[in-house]
Amino acid sequence: AALEGGVLVLAERRSARAAWRGRHLSALAPQLVHGPAGLAMAVLWTSPYGPAAALLVLLPMYVCACVFALYHRERAAHQATIRALVQAVDIKDRYTRGHSERVGRASVMIARELGMSGDRLEALRIAGILHDVGKLGVPTRLLRKNGPLTPEERRVIELHPEYGHEMVRGIRFLGEARTAILHHHERLDGSGYPYGLAGAQIPEFARVVAVADAFDAMTSTRTYSRARPVETAVAELKR
């Protein structure tokens, strides 16, 4: 836990307190359960009740172990679901390779600057990674087209936020991430899609992912446009 926290401090320039907080808690959780249980067993073992009473302590320990194991299995299943969706999009759209992960990381960086923490940071990371999952419903020929899109083709591609939202609607653990998938192409002035939301109507997660997505799009080279300098991209976002 200490080593992981140190890496985050150096690599992501996070404060030591923020980097180690979650890791220390997760690392200490088993000790916080097993320590008192072991002490209780020792006390009961030497008490008038004898070893039989001490063994009763094993029951709650077993229950705790089952709960921890279930939690880790569910978390692993969640991560596998996310990886499968991202890989499917990457295979279909060459441009998204690396783009989704970068948007996820950038979304977290922006969220930290906004004061978000804990589970919301993880939810935003997932939102950034999955923001383009709806492209699975868009014809591959449009995603791989060399050159600008026609107005008709653009209208088809602009359906991908709604496709994505439908795909993840039943995945409960995504939580707020689903709103970002649906609304990450909305714009503050109401000129975005799919619903033309404006200002505060746009969910916070969607606004964060939209900025991260736009920044990565502007600073990445595509078949029909060259990457812009970071300074130019930042100026465009502020405009």
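**View 1. Helix 5 packed against helix 6 in the predicted model.** Two packed helices are described by the angle between their axes and the distance between the axes. For helix 5, which spans residues 99-113, and helix 6, which spans residues 119-130, the axes come within 7 Å and cross at roughly 145°, and the crossing is right-handed.

**View 2. Residues at the contact of helix 5 with helix 6.** From helix 5, the residues Ser100, Glu101, Val103, Gly104, Ser107, Val108, Ala111 and Arg112 take part in the contact, and they meet Leu121, Leu124, Arg125, Gly128 and Ile129 of helix 6. Divided by class, the residues of this contact are 6 nonpolar, 4 polar and 3 charged.

**View 3. The salt bridge between Arg102 and Asp216.** Side chains of opposite charge can pair when their charged atoms come close. The model holds a count of 8 salt bridges, and one of them joins the side chains of Arg102 and Asp216, with an N to O distance of 2.6 Å. Because Arg102 belongs to helix 5 and Asp216 to helix 11 (residues 204-218), the pair ties together parts that lie 114 residues apart in sequence. Arg102 counts as partly exposed because its relative accessibility is 29%, whereas Asp216, at 7% relative accessibility, counts as buried, the limit for that class being under 20%.

**View 4. The salt bridge between Glu204 and Arg120, and the network around this pair.** The side chains of Glu204 and Arg120 meet in a salt bridge with an N to O distance of 3.3 Å. Since Glu204 is part of helix 11 and Arg120 is part of helix 6, this pair ties together parts that are 84 residues apart in sequence. Glu204 has a relative accessibility of 34% and therefore counts as partly exposed, and Arg120, with a relative accessibility of 29%, is likewise counted as partly exposed. Through salt bridges that share partners, Arg120, Glu176 and Glu204 are joined into one network.

**View 5. The salt bridge between Glu166 and Arg169.** In this pair the closest N and O atoms of Glu166 and Arg169 are 2.4 Å apart, and the two residues form a salt bridge. The relative accessible area of Arg169 is 45%, so this residue is classed as partly exposed.

Terms used: Residues numbered from 1 in each chain as written. Predicted model: local features only at pLDDT ≥ 70, side-chain atom pairs only at ≥ 80, totals over all residues. Heavy atoms only, no water. Axes fitted to C-alpha atoms, helices over the stretch in contact; angles between N-to-C directions. Helix = DSSP H or I, 4+ residues; strand = E, 2+ residues; numbered from the N terminus. Left-handed = near helix turned anticlockwise from the far one by under 90°. Contact = heavy atoms within 4.5 Å. Nonpolar A, V, L, I, M, F, W, Y, C, P; charged D, E, K, R; others polar. Salt bridge = Lys/Arg side-chain N within 4 Å of Asp/Glu carboxyl O. Buried < 20%, exposed > 50% of the residue type's maximum accessible area, 1.4 Å probe, protein only.
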